[in-house]
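Please open the model in your viewer and keep the sequence panel beside it. The stops below say what to select next and what is to be found there.

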Amino acid sequence: MYLSKTLTAATALSLIAASGAYAETLTIATVNNGDMIRMQGLTEDFTAKTGHTVEWVTLEENVLRSRVTTDITTKGGAFDIMTIGMYETPIWGKNGWLVPLDDLSAEYNIDDILPAMRGGLSYDGTMFAAPFYGESSMVMYRTDLMEAAGLEMPDAPSWAFIAKAARAMTDRDNEINGICLRGKAGWGEGGAFITAMSNSFGARWFDEEWNAQFDTREWSDTLNFYVNMMTDSGPAGYATNGFNENLSLFQQGKCGMWIDATVAASFVTNPTDSTVADKVGFTLAPDNGLGVRSNWLWAWALAIPAGTQKEAAAKEFIEWATSTGYIDLVAANEGWANVPPGARISLYENPNYQAVPFAQKTLDSILTADPNNSTVDPSPYVGVQFAAIPEFAGIATEVSQEFSAAYAGQQTVEEALAKAQAITNDAMEAAGYR
């Protein structure tokens, strides 16, 4: 196998040299989750086909957001490819900070990308980032613990049921928490979760005149419900838990339920890493009977910062990493359950993938998330777990820090909401929205 790969790489490099092309070294910033780490392990396939090599900068989610934002706003030039999402892409594309992906090859088949993903990664009809994977959020739960509690998970549960089930499954003596949820500060960490949850309670970040809404009953109901449920049924220190921390807890068998990114389904059902792989069920994220569920919409996507000197090679990498060929490569190496989900129509038409137990719930969750109508009452912004305005990341990071302080018992929910109201209104007034 290794000899074959070496010969393939050598052949590719010979062809590149003969044609006068130049092999580049690409620097790529990415997030430290399982799918991205898997991609790094398969990069030799890209090198064998193109001759280009890759240097990875792999960062925790909050650090990644900060590093790439600083680099692109200061034109630092540290990266040839950045891993960004649906929040940054339209804003940075509008500002001219990203290379348009409007000339990818016919074989790439851009029309195969799910409309929700392509639309969220475009500005004015032009795609500026290609989805490595797409996600919504859903409930992942222990079927054995649910049965032992004498309960049956509905296809579309309410928050009242989730809280009841969490308390019923909690077993402190055996270190089993009924529910694990994000509480970690960061607009894309705990901030994303609580915003999506608040939508189902009838809350919103802003009214139609861009006035902050944290002084409303809906936001108070959201945070109080969350804190009470997590106090009764959540893990110790949940205020500092994000995606990776909760994933670890669930895989160790210490969570009855986990509501988080649909992409986690392949991790919790992988017997190599998960002690409960054969005991996991899936269902839609909860609602509150108001017509809006609490699932978000996101894509981790690859984009090229404007000004890179390696644009052609960077586009080759993006085509490789976000293609149907890459999906086939992962399937051949690690099985269909581990391919990057949520990005391509053809994946969900593939019988091999349709047999994966969480495939349909993932697609259903993605299709039910509507960034143009994410709140019960009208709002002036696009986005489910974020408001797609440049100021949001900074505001929401501060707000999430106040919320996490409340989760940790350092202040009351009422104090956190009052500070969130002041932070948001002051920032929006300074930015000229009010």
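Select alanine 29 and methionine 82, which stand opposite each other, the methionine lying in strand E3. This is a predicted model, in which local features need pLDDT of at least 70 and side-chain atom pairs count only at pLDDT 80 or more, while totals for chains, interfaces and linings use all residues. Residues are numbered from 1 along each chain as its sequence is written, and side-chain values use heavy atoms, with hydrogens and water left out.

Now extend the selection to strand E1 (residues 25-31) and strand E3 (residues 81-84), which run parallel and are joined by two bridges; strands are DSSP runs of E with at least two residues, helices are runs of H or I with at least four, and both are numbered from the N terminus. Two strands pair if DSSP finds at least two bridges between them. The open sheet to which they belong has five strands in the order E2-E1-E3-E11-E6, with mixed pairing. At its edges stand strand E2 (53-59) and strand E6 (130-135), each with a single partner strand, so one side of each is left without a neighbour in the sheet. From one strand to the next, the twist averages 15°, the axes being lines fitted to C-alpha atoms and, for helices, over the stretch in contact, with angles that run from 0 to 180 degrees between N-to-C directions.

**Second stop: threonine 43**

Threonine 43 has a relative accessible area of 7% and is buried (buried means under 20% relative accessible area, exposed over 50%, partly exposed in between, with a 1.4 Å probe and protein chains only). Which residues is threonine 43 in contact with, leaving aside its neighbours within four places in sequence? They are Val54, Trp56, Phe317 and Trp320, where contact means heavy atoms within 4.5 Å. A polar atom of the threonine 43 side chain also lies 3.0 Å from the backbone oxygen of glutamine 40.

Select the open sheet of four strands, whose order is E8-E9-E7-E10, with mixed pairing. Strand E8 (177-180) and strand E10 (280-284) stand at the edges with a single partner strand each, so one side of each has no neighbour in the sheet. Neighbouring strands here are turned by 20° against each other on average, direction ignored. Within the sheet, strand E7 (residues 137-142) and strand E9 (residues 255-261) run antiparallel and are joined by five bridges, and tyrosine 141 stands opposite methionine 257 in E9.

Then show cysteine 180 and cysteine 255, which form a disulfide with their sulfur atoms 2.0 Å apart (a disulfide is a pair of cysteine sulfur atoms within 2.5 Å). Cysteine 180 lies in strand E8 and cysteine 255 in strand E9, so the pair ties together parts that are 75 residues apart in sequence. The torsion about their S-S bond is about -85°, so the disulfide is left-handed. Cysteine 180 counts as buried at 0% relative accessibility, and cysteine 255 likewise counts as buried at 0%.

**Last stop: helix H18**

Finish with helix H18 (residues 392-407), of whose 16 residues twelve are buried, so it is largely enclosed by the rest of the structure. Among the buried residues are Phe392, Ile395, Val399, Phe403 and Tyr407, and what covers the buried residues of H18 includes helix H9 (190-200), helix H10 (217-233) and helix H19 (413-430). Just after H18, select glycine 409, which takes a positive phi of about 80°.

Conventions: A polar contact is a pair of N or O atoms within 3.5 Å; within protein, one must be able to donate a hydrogen and the other to accept it, and residues adjacent in sequence count only if both atoms are side-chain atoms.
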